[in-house]
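Let's walk through this structure together, one chain at a time and then where the chains meet.

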Amino acid sequence: MITHESNYLYNSMDIMEILGKIGFDWRMALANFVNFLIIFWLLKRYAFEPVKKVINQRQSEINKGLEDAEKAQTELVMAKENYEKKMSEARAEAGEIITKANEQAENIITKATKQAEEKVAVIVADARESIKHERENMERELQAKTVSIALEVASKILKTKLDEKTEANLIKELTK
Amino acid sequence: MFFQVAGEIPNIQPETIFMIGNFPVTNSFLMINLITVLLVIFLVWFNRNLKIKPQAMQTVIEMFLDSIMRLIDQITGKRSVSEKIFPMITSLFIFVGIANLIGLIPGLTSITVNGFSIFRTPTTDFNTTFSIALVMIVLIQIQSIIDWGIFGYIGRFIQVRGIIEGFKKGLGEGMIAIINFLIGLLDIISEIAKVVSLSVRLFGNIYAGEILMVIILGAFAYALPAVWLGMNLFTGIIQALVFGALTAAYYGTALKEEN
C-alpha cells in the first residue's frame, strides 16, 4: 500500500534527484569510470599478459623437456642396440681372427715341423754318407796298413827287403 | 558507556576533501587513487620478479588467476569465451575485492581532515559501484556488437523482421512475433537495469556493512565487532565474486548462441 508521503516522494522526485540523494555525481562517476578503465588496462597489460606469457613459456619448456627426454630415451635405446650389435660383430670378428691365428699357427708349426724333419733327414743322410765315406776310407787305410804290415812281416820272414817302389806297387795291387 | 564506542554513521554521500577547479575530490576518489598507486607499485615489483621458475608469491598469484579462470569456465562453459572475458572479470574481481577490503585496514579510514576521513571505502560510494557496473555493461555491449554485428545487435532488441516473417507464416505466428517484439523492447530496459542492479547491490551491501559496524561498536565494543569484521571480510569477497560472476553471466547471454 502506497502511503501519502511515499506517493508524494515518488511524484516529486525525478530519477536524478533520487540518485543525487545517494551521492551520485556524474563528474565523480566519469572520473571513476576512467579510473577503472586505467586499472583494467594496467592489470591486463602488466599482470595478466606477462603471467600468461610466462605460463606459456613454462609450458613450452616443459613440453620441450619431455620431448628431449623422450628423444634421449630413444637415442639411448638405439645406442644400446648399436653397442650390442657392434659388440657382437666385434666378438664374431675376434673369434674369426683367433680361429685364423690358430690355423696360421698350426700351419706354421706343421710347416716348421716338416721343414725340420726334412732337414733332419738331410742331415742324417749326410751324416750317413759321411760315415760311409769315413768308413770306406778307414777300411781302405786299414787294408793298406794291413798289407803293409803283412809285407813287412813277409819281408822279415824272407829277409829280403823290398824296395820302396815295388812295395808301393804291391800295396796298390793288393788293396784294389 | 565503558562497553560502547560512539561513532558517526557514515554519510551516504562521499565527503569532498578539496576541489580541483570544478571537480570535487572526494575521500572515496582518493581511496581509489591510493588503490591505483598501490597496484602500480605491486605490478612493478611483480613484473621485476616474474620468472619461469616461480617463487612463492608468483605461485600464489598464478593459482589465484587459475582459480578465477576455472570459475569463469563454469559460468561460460567454454574456454575460448572465458579467455576473452578473463581480463575484464579478473580486473573487476581484484578491484572490487581490494575496494571492499581496504577500508577494513585499521586506522586507514580514521585519518581525518576538517573532521572528514581522507579515505573512504570506495564501494560505499554509489559513484564507484555505478561506474564499475557501467564499464562492465558498456564493455559487454561493445563485445556483443562485435559478435552480432551492428544490425544483428539492434535486431536483438527491435525485432521488426520477426513480425514481418511471423505474419507471413500466419496470424498466430504473427501475434507471437509481436509479443517477442515487446519482449525485445523490455530487454533494453533489462540492460539498463543490469547497471542499476549491479551497482545498487554492491553499494547497499558494503554501505550497510559499514553502518552496522558503527551500530555494533555503539552497542558493545568488545568481541562482537571482531566477529562483524570477519563477516565484513567475507561479505567483501563474496560481493566481489557475485559482481564478477553476474558480469560473466551477462556476458555469456550477450554473445551468439553458438558461442
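From its N terminus, chain A runs α-α-α-α, that is, 4 helices and 0 strands. Helices here are DSSP runs of H or I with at least four residues, strands are runs of E with at least two, and both are numbered from the N terminus. Of the 176 residues in chain A, 7% are buried; a residue is buried if 20 or more other C-beta atoms, placed from the backbone, lie within 10 Å of its own.

A word on the model: it is predicted, so local features need pLDDT of at least 70 and side-chain atom pairs count only at pLDDT 80 or more, while totals for chains, interfaces and linings use all residues. Residues are numbered from 1 along each chain as its sequence is written, with chains lettered from A and ligands numbered from 1 in the order in which they are written.

Now look at where the chains meet. There, 35 residues of chain B are in contact with 29 residues of chain A, contact meaning C-beta atoms, placed from the backbone, within 7 Å. Strand E2 (23–26), H1, helix H2 (56–76), H3 and H4 of chain B each supply at least two residues of chain B's side. One contact to find is Phe95(B), which touches Phe36(A) and Ile39(A), leaving aside residues up to four places away in sequence.

Phe95(B) also belongs to the largest nonpolar core, which has 43 residues. Such a core is a set of buried Ala, Val, Leu, Ile, Met, Phe, Trp, Tyr and Cys residues joined through C-beta atoms within 7 Å. Its largest share, 11 residues, comes from H3(B).

Methods
A residue is buried if 20 or more other C-beta atoms lie within 10 Å of its own, exposed if 12 or fewer, and partly exposed in between; C-beta atoms are placed from the backbone. Two residues are in contact if their C-beta atoms, placed from the backbone, lie within 7 Å.
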